[in-house]
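The model is predicted.

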Amino acid sequence: MRLRLPSTSAAMIHSNSLHKQIVSKPELGNEEFTQKVLNNRRWTLPSPEAKIHQLIHTQGPTFLLNTHPSFGDANRVNEQRKYFYVVRDDLLHPLVNGNKARKLDGLLPLLQHYSVTDVVTCGGCQSAHTAAIAVLCAERGIVSHLLLRGEQPEILTGYNLMSTMYGNVTYVPRTVYANREEMLKSYAESVAGNDGSVLWFGDIVQASSATELFTDPNFMQMDVSRSEENHLRKILVVSEGAGDSVALLGVIRLVQYLSQNHLLGKQRLMKFVVDAGTGTTAIGLGLAARCLGLPWEVYAVMLADKIDGYRKQEERLLSEFKKHFNIEFIDHNVNREDAGIVNWVERGRPRKFGNVLEGEVEACQQIAQQTGILVDPVYTLAAWETAMLLSSNEAEGGPEVVLLHTGGTLGMFGLAQRYKKYFGMLKKGHSH
Ligand SMILES: Cc1ncc(COP(=O)(O)O)c(C=O)c1O
């Protein structure tokens with residue numbers, strides 16, 4: 001089984017008519033930015049560390065994994081053997097999806113700071129987001145209420161099973177789910193009852209401006225010494241997919257970690273590839289690269305929306321970020337289609353979000369067997385194919401390609417249930 005790849009990168013890098021775009025650059029220097037946004041902050045992950053592996057591929061393709069790459073020029077591979085780096089966020093946690101661990105990295109300490117007792121959020125039946133919220137809240141004694149779209153499946157598996165094990169799941173008819181805000185609000189109000197209160201993320205960020213939050217000497221102790229009023233229930237509503245500006249913090253923290261001199265460094269040209277659902281992770285990467293002054297470009301494979309939706313999301317998150325974290329940007333209007341902070345690219349074989357096409361499960365199997373890395377056909381295979389393509393086309397001395405492996409492991413279980421025809425065929429085994 002060969003991986004199917006589009007023949008040229010031009011076929012997939014999104015091209016549309018010239019687009020008037022705002023390019024924003026922070027007014028602050030890199031260090032000031034780090035000081036303001038990252039330092040003195042509490043995090044969910046004890047360390048931002050991620051393993052970085054190197055995937056070497058030859059035409060065919062066949063793969064070889066190097067788990068201890070050196071990051072110097074000696075690492076450059078010849079014309080026949082191309083490579084990309086893989087940031088192994090899939091290894092961060094067995095149940096919390098990699099990019100959820102990053103997106104929730106800045107959020108959980110805020111919940112503790114505000115003595116939140118309950119979280120209400122929502123997602124699809126196999127939502128990695130709701131499972132991540134459920135696990136991380138349970139660890140902190142916070143009750144999670146997870147509104148899942150549609151009906152309860154006959155067999156609970158994958159992220160759906162984890163949401164059920166760790167949180168309180170309610171299945172919501174699709175017609176009700178269609179109006180998410182209203183659904184979340186009325187559910188949260190019902191949990192709050194007469195005495196409790198309902199908070200939205202915007203409330204907690206704006207209630208105390210970014211600077212106060214970072215420098216407040218009580219910040220570290222607040223959740224230890226809970227005050228009397230905290231016996232009342234405080235319910236926080238977290239949006240679907242945690243696509244709020246606070247989600248960008250963890251991704252920025254990751255980029256800062258990766259850009260250390262002994263890792264990817266700050267000088268080398270890099271093309272970062274990531275799979276995009278809401279696009280939040282990709283936007284976080286792009287924003288971080290710009291704010292930390294790195295010569296890194298972000299390529300995000302559009303899986304759940306179209307280019308206009310992703311550009312709107314980029315604008316929305318950037319303006320929220322500026323507002324919530326009190327960062328001034330200098331904006332320039334530019335008439336260039338690639339002027340945003342992310343290059344949004346089409347998947348080689350576009351399809352309705354969530355669908356798996358013939359041959360893709362075998363492609364995942366081939367990658368798993370040759371490298372020990374599991375990619376899933378919905379999200380991470382798309383990024384893998386793009387990383388293959390970009391690294392194949394890169395001339396020696398050109399930018400290096402880095403794939404952020406966002407996780408998605410448990411997603412395979414839900415897919416195996418849904419796509420019996422593709423997964424059933426794997427029983428016959430797979431020959432290289
Ligand atoms: C494995 C994986 N990759 C990517 C995404 C999408 O991330 P984002 O919404 O930040 O674009 C998800 C979201 O559920 C995911 O599970």
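The largest nonpolar core has 113 residues. Helix H10, residues 246–258, supplies the largest share of this core, with nine residues. Both domain 1 (9–95 + 245–428) and domain 2 (99–242) contribute to this core, with at least three residues from each.

**Core**
- The residues with the most contacts inside the core are Phe272, Val273, Val274, Val298, Ala300, Val402 and Leu403.
- Beyond its neighbours within four places in sequence, Phe272 is in contact with Leu285, Trp296, Glu297, Val298, Tyr299, Val402 and Leu404.
- As general background, nonpolar side chains tend to be buried together in soluble globular proteins.

**Sheet**
- An open sheet is formed by five strands with parallel pairing, in the order S7-S6-S5-S9-S8.
- Strand S7 (168–172) and strand S8 (197–200) are at the edges with a single partner strand each, so one side of each has no neighbour in the sheet.
- From one strand to the next, the twist averages 25°.

**Pairing of S8 and S9**
- Four bridges join S8 to strand S9 (residues 234–237) in the parallel sense.
- In this pair, Leu199 stands opposite Leu236 of S9.

**Helix on the sheet**
- Helix H4 (residues 128–139) packs on the sheet and touches strand S5 (118–123) as well as strand S6 (143–149).
- The direction of H4 makes about 170° with that of S6.

Technical notes: Residues numbered from 1 in each chain as written. Predicted model: local features only at pLDDT ≥ 70, side-chain atom pairs only at ≥ 80, totals over all residues. Pairing = 2+ DSSP bridges. Helix = DSSP H or I, 4+ residues; strand = E, 2+ residues; numbered from the N terminus. Axes fitted to C-alpha atoms, helices over the stretch in contact; angles between N-to-C directions. Contact = placed C-beta atoms within 7 Å. Core = buried A, V, L, I, M, F, W, Y, C linked by C-beta atoms within 7 Å. Buried ≥ 20, exposed ≤ 12 C-beta atoms within 10 Å, placed from the backbone. Domains from an automatic or database assignment.
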